[in-house]
Amino acid sequence: MTFECAPYSDAELHELLHVLRPVILHKEATSFNNIAALLGRRFSSRAFADHMKVIRRVFEHGELNLYMQVSVGGQPLFHESLLDNWLNGAQYHTDAEKAEVWRALEKSLTAPNARAVVMSQLQGKVKALFNLEYIVALVLGKSDDA
């Protein structure tokens, strides 16, 4: 099996991670989780809750998680734990346990394939954020036409 993604530079990846930081870290006031929870408290519609559940799932696990799940060595590929292992074991921090999990995944998938799966996870976060932004704009009465 091969996973492919469009070419990108490390600089582009680092810029994306920098921009995403305030919305992916749970303790940030502007985090996806905080904004989604605020909307959920204000709108009690079952249909709205179901829609937000899908957006949250895409944010947490990536869009492919809606359709399938693949595991390699016990690690689900379309799950937030994969991105967490990459961020904390390889990208930013030196959590030895997560670094070992990430190295094992790279060994099984190859480094380019593992990186492509991470890019898929990040793409899901961005897509979910655009969906959330659209909902916030509707609530605030803002549109691109104004």
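Helices here are DSSP runs of H or I with at least four residues, strands are runs of E with at least two, and both are numbered from the N terminus.

The structure is a predicted model, in which local features need pLDDT of at least 70 and side-chain atom pairs count only at pLDDT 80 or more, while totals for chains, interfaces and linings use all residues. Residues are numbered from 1 along each chain as its sequence is written, and side-chain values use heavy atoms, with hydrogens and water left out.

**Overall layout**

The protein has 6 helices and 2 strands, and their order along the sequence is α-α-α-β-β-α-α-α. Taken along the principal axes, the C-alpha atoms fill a box of roughly 50 × 30 × 30 Å. Contact means heavy atoms within 4.5 Å, and of the contacts in the protein with a separation of 6 or more, 60% are made by residues 24 or more positions apart.

**Core and buried residues**

A residue is called buried under 20% relative accessible area, exposed over 50%, and partly exposed in between, with a 1.4 Å probe and protein chains only. Of the 146 residues, 34% count as buried. In soluble globular proteins, nonpolar side chains tend to be buried together. A nonpolar core is a set of buried Ala, Val, Leu, Ile, Met, Phe, Trp, Tyr and Cys residues joined through side-chain atoms within 4.5 Å. The largest such core has 34 residues, of which F32, L77, W86, L105, V118 and L122 touch the most other members. Two or more residues each come from α1, α2 (32-42), α3, α4 (80-91), α5 and α6, and α6 gives the most, with 10 residues. Leaving aside neighbours within four places in sequence, L105 is in contact with V72, Q75, L77, L82, T110 and A114.

H61 counts as buried because its relative accessibility is 12%. Beyond its neighbours within four places in sequence, H61 is in contact with F78, H79, E80 and Q121, and a polar atom of its side chain lies 3.1 Å from the backbone nitrogen of E80.

**Salt bridges**

A salt bridge is a side-chain nitrogen of Lys or Arg within 4 Å of a carboxyl oxygen of Asp or Glu. The structure holds 5 of them, including those in the table.

| Pair | Closest N to O |
|---|---|
| R115 and D10 | 2.6 Å |
| E63 and K127 | 2.8 Å |

R115 is partly exposed at 28% relative accessible area, as is D10 at 43%.

E63 forms its salt bridge with K127; E63 lies in the loop between α3 (46-61) and β1 (71-72) and K127 in helix α6, so the pair ties together parts that are 64 residues apart in sequence. K127 is partly exposed, at 34%.

E100 and R103, by contrast, stand 3 residues apart in helix α5 (residues 96-109), and are therefore separated by about one helical turn.

**Surface**

Accessible areas come from the Shrake-Rupley method with a 1.4 Å probe, and for residues only the protein chains shown count as cover. The protein exposes about 9,300 Å², of which carbon and sulfur atoms supply 57%. F43, V139 and L140 make a nonpolar surface patch of about 270 Å²; patches are made of residues with over 30% relative accessible area and no salt bridge, with like charges joined within 9 Å and nonpolar side chains (Val, Leu, Ile, Met, Phe, Trp, Tyr) within 5 Å. L140 lies in helix α6 (residues 111-140) and counts as exposed because its relative accessibility is 55%.

Definitions and conventions
Polar contact = N/O pair within 3.5 Å; in protein donor to acceptor, adjacent residues only side chain to side chain.
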